[in-house]
Amino acid sequence: MAPERRKDTALLAARAGRYREYAPPPALRRHFSRFWSHALHGGPPAQVAIVPDGYCDLLWVDGRLVVAGPDRTAAFPVLRQGTTVIGARFAPGAAAPWLKTPLSALVGCSVPLADIGWKDTAEFEARLVDCPDSSDAMALFGRLLEEAARDADEPARDAAVIFAAADSGRPASGLLGRLGMSERQLRRRCHHHFGYGAKTLERIRRFQRFLELCRKSGTMPLARLALEAGFADQAHMTREVGELSSLTPAAVLGQLNMPRPA
């Protein structure tokens with residue numbers, strides 16, 4: 001289905017069920033920026049939009065460990081209602097060394113961890129499948145990742161610097177001297193660690209700034225949202241938000257400011 005036919009009909013993943021974030025254990029904070037859980041409500045399935053954020057996640061879902069690669073635009077997965085997904089969001093520059101896979105190979109994909117050839121997958125899945133509930137699974141998930149971290153390669157520091165620049169609205173090209181890279185090297189590093197080039201990463205992180213402003217500033221006019229998020233103007237924001245989420249800015253603002261169900 002084309003994005004134009006989805007416009008304003010999809011539900012942002014943050015609004016579908018109960019989503020919570022947790023700080024990872026201290027031993028994992030250089031590898032993972034967040035742990036999270038997402039419990040989907042029961043009832044008829046909704047068309048859920050998972051929007052791009054520049055990250056790669058390791059998921060425990062339906063009895064399997066899965067790598068959710070970075071997205072360029074919104075994904076619309078088929079989600080079984082009542083499912084609880086547990087995730088660990090890789091820190092910038094950590095996923096490719098940990099997985100020993102360039103993220104350019106995972107863009108727009110959800111891949112079983114076993115298919116990537118990660119040696120501990122079967123053992124970890126066998127231990128997780130016996131957990132009686134999601135809180136126990138989250139705790140064990142963290143402990144298993146701590147075990148794996150002992151042999152994991154260190155995150156790439158230059159990738160973290162590139163991500164921080166995009167996150168703050170500064171073009172990564174301004175870091176070339178600081179990083180000692182050419183434009184070609186920067187492009188290769190971005191594709192390896194984020195799945196796409198610096199310009200795409202900058203677009204996605206600007207979109208995420210827009211989402212954060214929507215959560216915090218429910219009464220802010222759209223033109224002001226565009227300015228604060230770093231878009232050239234409201235028309236630019238409307239185009240970019242539509243391409244990345246399938247929704248209009250007004251629809252996103254409305255969803256993120258709806259009262260949450262009890």
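**Sheet, packing helices and domain arrangement of the predicted model**

Strands β5 (residues 57-61) and β6 (residues 64-68) pair in the antiparallel sense over 5 bridges; strands (E, at least two residues) and helices (H or I, at least four) are DSSP runs numbered from the N terminus, and two strands pair if DSSP finds at least two bridges between them. The model is predicted, so local features need pLDDT of at least 70 and side-chain atom pairs count only at pLDDT 80 or more, while totals for chains, interfaces and linings use all residues. Residues are numbered from 1 along each chain as its sequence is written, and side-chain values use heavy atoms, with hydrogens and water left out.

Within this pair, leucine 58 has valine 67 of β6 as its bridge partner, and tryptophan 60 stands opposite leucine 65 in β6. The hairpin of β5 and β6 has 2 residues between the strands, and aspartate 62 takes a positive phi near 50° there. Strand β6 is also joined to β8 by 3 bridges, in antiparallel fashion, with serine 110 of β8 as the bridge partner of alanine 68. Of the 5 residues of β6, 4 are buried (under 20% relative accessible area, with a 1.4 Å probe and protein chains only).

The open sheet comprises 6 strands in the order β2-β3-β7-β5-β6-β8, with antiparallel pairing. β2 (18-22) and β8 (110-112) stand at the edges with a single partner strand each, so one side of each is left without a neighbour in the sheet. The twist averages 25° from one strand to the next. Helix α4 (residues 121-128) packs on the sheet, touching β5 and β6, and its direction makes about 120° with that of β6. Helix α5 (residues 134-149) lies across β2, β3 (32-39), β5, β6 and β7 (84-90), at about 25° to β7. Axes are lines fitted to C-alpha atoms, for helices over the stretch in contact, and angles run from 0 to 180 degrees between N-to-C directions; contact means heavy atoms within 4.5 Å.

The domain assignment, automatic or from a database, gives domain 1 (11-150) and domain 2 (157-257). Their C-alpha centres lie 22 Å apart, and the contact takes 23 residues from domain 1 and 24 residues from domain 2.

The buried residues of helix α6 are Asp158, Ala159, Ile162, Phe163, Ala165 and Ala166. Seen down the axis, these fall within an arc of 160°, so they line one face of the helix; the arc is that of the directions from the helix axis to the C-beta atoms. Their cover includes α7 (176-179), α8 (183-194) and α9 (198-216). Glycine 169, with a positive phi near 90°, follows α6.

Key. Buried means under 20% relative accessible area, exposed over 50%, partly exposed in between (1.4 Å probe, protein chains only).
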